[in-house]
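Me: I am new to this structure and would like to learn how to read its features. Could you walk me through them, beginning with the way helices pack?

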Amino acid sequence: MRVTVLFLALVCLAAPTAHAQRGNRAGVCAPTNAEHATLAEIAADRDGWLGRCVTVAGVYSNERVYADADAIYGKSDASIGGYVDGQGSLDGYWAGDFTGRIADCAKAAADIDAGLLRSPGILVDGGSRQAGCKEPKGQFLLFMSQGELEPAGLVRQFAPKTGSLAPAPADWSARDEVEALAIKFASAMLGKSRPVLKEVLGDDYAVEQVMTDADNGIAILSTRADTPPHVTLLEAGGDADAFNAAVCWRRRMTGAPMWPIAMADADNRLDRPYACLRLYKDASGPVVADAARAFNGLIEPTK
């Protein structure tokens, strides 16, 4: 992702109203003048916290700050968008205190389109969206800053605990299409067929990744004559026209399979007991397949 920082004069997202002037709703937001709040408190009254300068304790990953593991796995909505700048890719999960003014992603998107949003905010994808807002909905911490960060140390959860990813229903109408694509991918991996892999993954770079990355757990499909047992997983809210799904194969044949319960954990790390082909579809396009090793999953349990 290309990040563009525009060092221009700060233009307010909106003219402050008399209501917005109360408390710490006006002026520069910094840890020295921020209110301390919990992400659960903010989630319980989104409108009431809008515009306020806050410091929250949480766990950061991939442009979002979470209250705890329950929020990461979607069992609560105690999280908020945000962007840690100047730390490189910052893969994984990092604990710390985060400060920013609570803003609305839909309004930020409208302000970007109107040319009103200026730096020191951080715009991504060539300036088309505000970092911390993967889509134009929900809230984020505008101009977020952070204190010292340390590894969160959270371990991956699995059944009987639940998350946003679960076995796809037997009657899911896209199941046959998804599983046929997964079978095609597994066969191509075993046969080391780059042309077929390109058909599934879309480009030569993706093929090169899965064929040459020795730390990608999906390589097990190229070394076993018998295809390992698999499961088809579907993210909550998916249907035939738009979905996030994964087909995962067992890498460890002993014990319970411990399938992922969140897409972030379907990351093809070598220490996982499974490896996955991730599949995405929106209403206007074809299925997009991804088997690269990713970096935003939680730590694998040691027992």
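Reply: Happy to! Helices α5 and α6 cross in a left-handed way. Please keep in mind that this is a predicted model.

Me: How is such a helix pair described, and what are the values for α5 and α6?

Reply: Two packed helices are described by the angle between their axes and by the distance between those axes. Here, the axes of α5 (residues 175-191) and α6 come within 9 Å and cross at roughly 150 degrees. An angle over 145 degrees counts as roughly antiparallel, and therefore α5 and α6 are roughly antiparallel to each other.

Me: Which residues of α5 and α6 meet?

Reply: From α5 come Leu 181, Lys 184, Phe 185, Ala 188 and Met 189, and they meet Val 196, Leu 197, Glu 199, Val 200 and Leu 201 of α6. This contact divides into 8 nonpolar, no polar and 2 charged residues.

Me: At what angle do α6 and α7 cross, and is the crossing left-handed or right-handed?

Reply: The axes of α6 (residues 194-201) and α7 (residues 204-212) cross at roughly 115 degrees and come within 8 Å. That crossing of α6 and α7 is right-handed. Among the α6 residues that meet α7 are Arg 194 and Leu 197. The contact of α6 with α7 has 6 nonpolar, 1 polar and 4 charged residues.

Notes. Residues numbered from 1 in each chain as written. Predicted model: local features only at pLDDT ≥ 70, side-chain atom pairs only at ≥ 80, totals over all residues. Heavy atoms only, no water. Axes fitted to C-alpha atoms, helices over the stretch in contact; angles between N-to-C directions. Helix = DSSP H or I, 4+ residues; strand = E, 2+ residues; numbered from the N terminus. Left-handed = near helix turned anticlockwise from the far one by under 90°. Contact = heavy atoms within 4.5 Å. Nonpolar A, V, L, I, M, F, W, Y, C, P; charged D, E, K, R; others polar. Parallel < 35°, antiparallel > 145°, perpendicular 65-115°, else oblique.
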